[in-house]
Amino acid sequence: MLVLTLVLAAIGFALLVAALTTGSVFWAWGCIVVCVIGAVLLLVSALSMRRPGESTPPPGRHAKR
């Protein structure tokens with residue numbers, strides 16, 4: 001999923017460059033749509049990596065051996 005987000009970011013950047021060079025609003029809206037989809041995928045990926053009920057240990061604490 002993170003690779004897909006990176007690909008969407010690259011596509012969004014290409015659309016931004018196209019919008020700036022041509023002055024077309026169509027490319028700018030395409031850039032916005034692609035970037036929003038990428039942001040949603042990144043958020044979903046980050047939330048799915050967290051396990052419910054799992055808390056992070058306090059800083060400075062090491063695992064018992």
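A residue counts as buried when its relative accessible area is under 20%, as exposed when that area is over 50%, and as partly exposed in between (1.4 Å probe, protein chains only). By that rule, S45 is buried, with a relative accessible area of 6%.

A word on the model itself: it is predicted, with local features needing pLDDT of at least 70 and side-chain atom pairs counting only at pLDDT 80 or more, while totals for chains, interfaces and linings use all residues. Residues are numbered from 1 along each chain as its sequence is written, and side-chain values use heavy atoms, leaving out hydrogens and water.

The protein has 2 helices and 0 strands; these are DSSP runs, H or I of at least four residues for helices and E of at least two for strands, numbered from the N terminus. Of its 65 residues, 15% count as buried.

Now to helix 2, which covers residues 25-49 and holds S45.

| Helix 2 item | Value |
|---|---|
| Number of residues | 25 residues |

The buried residues of helix 2 are C31, V34, G38, L41 and S45, and helix 1 is part of what covers them. Leaving aside neighbours within four places in sequence, S45 is in contact (heavy atoms within 4.5 Å) with M1 and L2. M1 sits in the segment before helix 1 (2-22).

Key. Expected span 1.5 Å × (residues − 1).
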